[in-house]
Amino acid sequence: MTILRTVNLVKIYSGGAVPVPAVRGVDLTVEEGEFVVIMGPSGSGKSTLVHMLGGLDNRTSGEIWLGGKRVDTLSESAWAVLRRKHVGFVFQFFNLVANMTVADNVELPALLAGVAPKDAKARREHLLGALNLTERADAAPAQLSGGEQQRVALARALANQPTLLLADEPTGNLDSRNTRDVLRLLSEVHKDGQTIVMVTHDARVASLADRCVSLLDGEIVDDGRISRRRSGGGSGAGEVIELR
Amino acid sequence: MSAVRAGNRWIRADLLARRGQATLTVLAIAGIVAALIAAVTLLEDGTNPWRSLFAQTDGAHVWIYTRDSPPVVRLRELDGVTQAAGPYRSASVTVVQEGKKEPAALRAMPATPPQVAHPVVAEGRWLDPARPDGVVVERSFARALRLTLGAPLTITALSGARHTLYVRGIADSAEQGFFPEWTPGLGWVLPETLDRIEPALGRSEWVTGLRLADPESTQVVSQRVVVMLEDQLQRVYTWRQVRAAMELDNRLLGTLLALFGVVGLVAAVLALANAAGGRVLGQLRDLATLKSMGFTRGQVAGLLVVEHGALGLVGIALGTVAGWSTTVAVLGSTSVAPMPVLTIVAGTALVVLAAVGLPAWRGGRTPPIPAAPSAPPRGHLSRLARLALLVRLPPALVLGTRDAFTRRVPAFLTAFGLAVPMMMITIGLGVWSTLDNFKKNPDQVGQYAALHVRPGKLESAAAAHIAKIDPGVQAVYPGTEVNALAPGEARSVRVRAIGTSTEPYPFPVVEGRMFTQPGEAVAGQGLLDLLGAKIGDRVRLTVGGTPLIVRIVGRAVEPDLDGEVLSVGLDSLAAKDSVPPAFYALALRDGVDPADVRTRLLASSGEGLDVQRVVNPADRLAILRVVIVALIFLLSLIGLANLLTASALGLRDHAFDLAVLKAMGLTPRQVMATLVTGTGLLVVLGILAGTAVGSSVVVFLIDLQGHNSGVGAGIGRAPATATLVTSVLVAVGASLAVALIPARRAARAQVPVTAR
């Protein structure tokens with residue numbers, strides 16, 4: 001079943017003197033349970049694309065379909081409501097709410113989605129347990145290492161078992177050990193059937209995915225299953241180095 | 001519902017993270033609301049006992065004193081008059097109690113109290129024909145004489161005959177003000193008792209009270225009474241005069257509190273808006289994260305309104321409880337008027353919500369992409385900074401100066417937020433120095449004489465002699481005070497005669513000139529307003545039937561009786577009123593303690609003299625000083641709250657520049673200096689502006705209040721320059737110290753070079 005589909009998605013930033021096209025006609029389809037990696041050099045429009053997929057940014061033209069429903073026409077508020085249950089976000093800089101404890105950060109989306117506080121607590125305990133963070137539940141985000149923070153952010157994104165998990169360079173700010181931990185977690189939730197779209201420019205990271213989409217200057221230049229291991233022209237697009 | 005739960009979690013966490021600032025905000029608003037409630041209670045007549053006394057006694061609105069029994073039927077037929085009390089015969093007597101003599105009026109009243117203007121017995125019982133030696137004494141008079149039930153009361157009639165009466169009751173009345181502000185004191189006896197004490201009808205007067213359908217028609221009715229009774233009429237008092245006499249200095253206190261409260265509210269709300277705005281700016285990333293999680297724009301805005309508004313509302317609730325319970329504790333439970341208090345609470349709540357609404361709305365419009373840079377501070381080198389560069393100031397200062405103005409609106413809010421409390425503090429200091437001036441220069445408020453000596457048991461001439469030979473006494477001015485009828489106004493005013501035209505008592509004339517010959521007078525602002533007269537006008541009053549025609553040649557500062565006092569030389573009064581003088585006003589030599597002179601005079605006269613110290617208005621207003629101290633503290637809190645906001649905002653703006661600054665080669669000390677300069681400059685600007693505005697309006701404001709209260713303009717004093725400089729230095733120093741702590745911590749901290 002198709003979870004996500006975009007049709008000729010375009011984003012043009014027109015704030016400055018010259019309109020800057022960031023995404024130029026992207027057609028992307030993501031099936032249920034797929035782990036898609038979006039790669040590309042800086043400024044290729046990866047982040048803009050994933051922000052649009054989660055409704056954080058408006059599209060200029062084109063269509064976005066999420067779970068069989070057209071969503072690009074939704075208002076900002078409707079997008080917010082949709083995100084509560086269907087879209088989880090992981091950002092490069094973790095973005096934990098600084099004033100709240102780890103536990104509160106993870107419970108917040110569940111509470112927002114209308115889960116009873118008791119259930120939210122149970123789910124938080126389960127998630128933190130699975131991510132090996134149980135003893136840090138009452139810590140403030142600032143007391144955590146980067147890897148720990150990103151694990152908490154992952155727990156928060158997964159709190160409502162979203163239809164789609166969007167990750168924007170989740171390992172971009174981590175050392176290799178923490179990168180490995182976070183990636184292992186991602187592949188575990190993927191094994192449990194979680195659909196994931198992840199932006200990265202790290203080829204090693206991309207090796208985990210089922211499929212790698214390469215963006216260059218806002219256009220898809222390559223889209224292929226990792227298992228096929230297409231031998232590219234050495235330009236880097238689709239080039240994968242085994243992580244393990 | 002779900003958003004409420006999630007929002008609660010967030011609000012709780014955020015408030016916990018900034019406990020100090022939140023507490024400050026709550027305290028500042030609570031203090032302001034308490035001050036407003038106290039002000040409205042004092043301004044609302046609730047504290048004036050007149051209203052309840054008038055209602056309890058079914059009081060009369062107009063009191064007429066006549067030589068003979070007036071034609072009551074005709075008085076009652078006047079338009080607007082519903083009922084009449086009396087006429088009661090009244091005789092002047094002197095009460096001799098513990099060696100002191102006090103003037104009193106004995107009023108004949110039947111054993112069954114009348115329907116209108118019946119005294120309400122507070123202790124004991126009313127007059128009883130079975131005990132003709134009984135007297136019921138008005139409560140304030142009884143308290144002044146320390147009379148208790150059953151106590152004997154020795155009185156001397158005008159004939160010189162002594163009588164002893166026994167206090168049967170102590171009663172409240174709304175027909176005259178409290179003793180000793182209002183003399184003579186009042187006692188009620190049965191008509192036959194009065195006939196025994198003062199058999200001569202010619203030495204008594206008749207008192208009639210008129211109750212009106214509409215209190216507002218008092219003026220019209222009393223005019224008609226004046227026309228009807230003409231020469232018969234001795235004096236007229238209206239309910240307004242009685243009410244004004246009973247009212248103490250609460251109005252002044254109330255006005256001060258209201259001024260501070262209203263401006264303080266503006267400052268507090270500004271501080272709240274500032275804090276909310278700064279907080280929102282500092283939290284844009286968290287807000288974006290919330291939105292990426294699924295909070296809608298409205299929910300984020302609502303969250304912020306609830307969080308910041310809740311601080312305000314908690315403050316309002318605390319302030320209401322504090323203000324209410326304080327006024328109840330100090331002034332009694334009937335003093336608080338619920339409606340104005342509710343208005344204050346509702347009004348403050350609205351203002352608070354409006355103040356946090358704008359930042360909240362702005363917070364709600366945060367784009368949901370947390371990585372998006374949150375409005376980076378833009379800006380070019382300000383002119384001031386260029387100037388600083390030009391004169392080769394240290395780079396830290398230049399950078400700080402530039403920082404101070406990069407965010408124009410917050411910069412303005414910071415400076416303004418400190419200027420308003422500072423202005424009010426300056427005004428408070430001005431009130432303080434005005435009080436100090438009263439105290440230091442009592443002659444400027446008409447108290448050149450520190451002691452008033454009444455002859456008491458002695459002859460008038462002997463009393464003057466004893467006073468004159470005392471080494472501490474510089475000058476002795478004979479004086480007397482009479483009530484005069486202002487026929488045009490149909491009410492009585494006080495005429496005070498001290499000194500003579502050739503040797504005048506130094507009344508504090510602030511406009512026009514001092515009187516120099518008989519027939520000239522100076523008046524208080526209240527009297528000028530009452531008569532609608534200007535300096536140079538001729539006014540005609542009657543003192544006990546004798547006309548007194550004087551020309552007002554000047555205006556004097558007049559702290560007594562709402563300024564409704566005419567001051568003349570003793571030689572302007574008719575001999576029957578001025579000889580012998582009722583008292584002597586003693587001006588003392590510099591540095592002489594009035595208490596010593598008083599003791600000496602009492603000793604040398606064998607306790608025969610009645611020597612009273614003049615009460616300085618500053619002593620009556622001593623409570624103002626407590627209020628000023630409390631208000632200054634409160635305003636400092638508000639200033640501090642603003643400062644913390646500014647300092648937090650400055651730090652936030654520069655958290656990511658710090659690494660760059662250090663990389664460029666600034667030492668931690670220079671980094672710290674940059675940060676402190678950024679906020680410090682605005683602080684200094686705000687404080688200087690506030691002080692300048694405050695000191696330029698304070699004299700005007702005090703004089704305005706003086707004018708309105710009848711005392712008259714010319715009393716206001718700006719704080720001394722030394723005081724101003726000290727207060728500015730203290731404020732700036734304290735502010736810099738407060739700004740220094742976070743700056744120091746930031747400068748020392750290892751700043752990670754990460755994106756925001």
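How many of the residues of helix 3 of chain A are buried, and what follows for the way the helix sits in the rest of the structure?

Tutor: The model is a predicted one. In helix 3 of chain A, 11 of the 11 residues are buried, so the helix is largely enclosed by the rest of the structure. The buried residues run from Val102(A), Ala103(A), Asp104(A) and Asn105(A) through Val106(A), Glu107(A), Leu108(A) and Pro109(A) to Ala110(A), Leu111(A) and Leu112(A). Just after this helix, Gly114(A) adopts a positive phi of about 95 degrees.

One packing partner of helix 3 (residues 102–112) of chain A is helix 4 (residues 117–130) of chain A; the angle between them is about 130 degrees and their axes lie 9 Å apart. Helix 3 of chain A is therefore oblique to helix 4 of chain A, and the crossing of these two helices is right-handed. On the side of helix 3 of chain A, the contact is made by Ala103(A), Val106(A), Glu107(A), Ala110(A) and Leu111(A). Helix 4 of chain A contributes Pro117(A), Ala120(A), Lys121(A), Arg123(A), Arg124(A), Leu127(A) and Leu128(A). By class, this contact has 8 nonpolar and 4 charged residues, and no polar ones.

Helix 15 (residues 408–440) of chain B packs with helix 24 (residues 721–748) of chain B at an angle of about 145 degrees, with the axes 11 Å apart. Here too the crossing is right-handed. Met422(B), Ile425(B), Thr426(B), Leu429(B) and Ser433(B) of helix 15 of chain B meet Thr723(B), Leu724(B), Ser727(B) and Ala731(B) of helix 24 of chain B. The contact of helix 15 with helix 24 of chain B comprises 5 nonpolar, 4 polar and no charged residues.

The largest nonpolar core has 293 residues, of which Ile38(A) and Leu272(B) touch the most other members. Helix 2 (residues 19–43) of chain B supplies the largest share of this core, 16 residues. Beyond its neighbours within four places in sequence, Ile38(A) contacts Lys46(A), Leu49(A), Val50(A), Val197(A), Met198(A), Val199(A), Val213(A) and Leu215(A).

The two chains also touch, with 26 residues from chain B and 26 residues from chain A in the contact. On the side of chain B, helix 1 (2–17), helix 10 (284–293) and helix 11 (297–331) are the elements that give two or more residues. Helix 1 of chain B provides the largest share of that side, 9 residues. By class, the side of chain B that touches chain A has 13 nonpolar, 6 polar and 7 charged residues.

Chain B as a whole has 24 helices and 20 strands, and its C-alpha trace spans about 105 × 60 × 45 Å along its principal axes. Of its 756 residues, 50% are buried. One of the residues in strand 9 (residues 204–212) of chain B is Thr208(B), which counts as buried because it has 24 C-beta neighbours inside 10 Å. Thr208(B) lies 138 residues from Pro70(B) in sequence, yet their C-alpha atoms are 8.0 Å apart. Leaving out residues up to four places away in sequence, Thr208(B) touches Ile64(B), Pro70(B), Val72(B), Leu75(B), Ala84(B), Ala85(B), Gly86(B) and Pro87(B).

Key:
Residues are numbered from 1 along each chain as its sequence is written. Chains are lettered from A and ligands numbered from 1 in the order in which they are written. This is a predicted model: local features need pLDDT of at least 70, side-chain atom pairs count only at pLDDT 80 or more; totals for chains, interfaces and linings use all residues. Axes are lines fitted to C-alpha atoms, for helices over the stretch in contact, and angles run from 0 to 180 degrees between N-to-C directions. Helices (H or I, at least four residues) and strands (E, at least two) are DSSP runs, numbered from the N terminus. A crossing is left-handed if the near helix is turned anticlockwise from the far one by less than a right angle, and right-handed if clockwise. Two residues are in contact if their C-beta atoms, placed from the backbone, lie within 7 Å. Ala, Val, Leu, Ile, Met, Phe, Trp, Tyr, Cys and Pro count as nonpolar, Asp, Glu, Lys and Arg as charged, and the others, Gly among them, as polar. A nonpolar core is a set of buried Ala, Val, Leu, Ile, Met, Phe, Trp, Tyr and Cys residues joined through C-beta atoms within 7 Å. A residue is buried if 20 or more other C-beta atoms lie within 10 Å of its own, exposed if 12 or fewer, and partly exposed in between; C-beta atoms are placed from the backbone. Angles under 35 degrees count as roughly parallel, over 145 as roughly antiparallel, 65 to 115 as roughly perpendicular and the rest as oblique.
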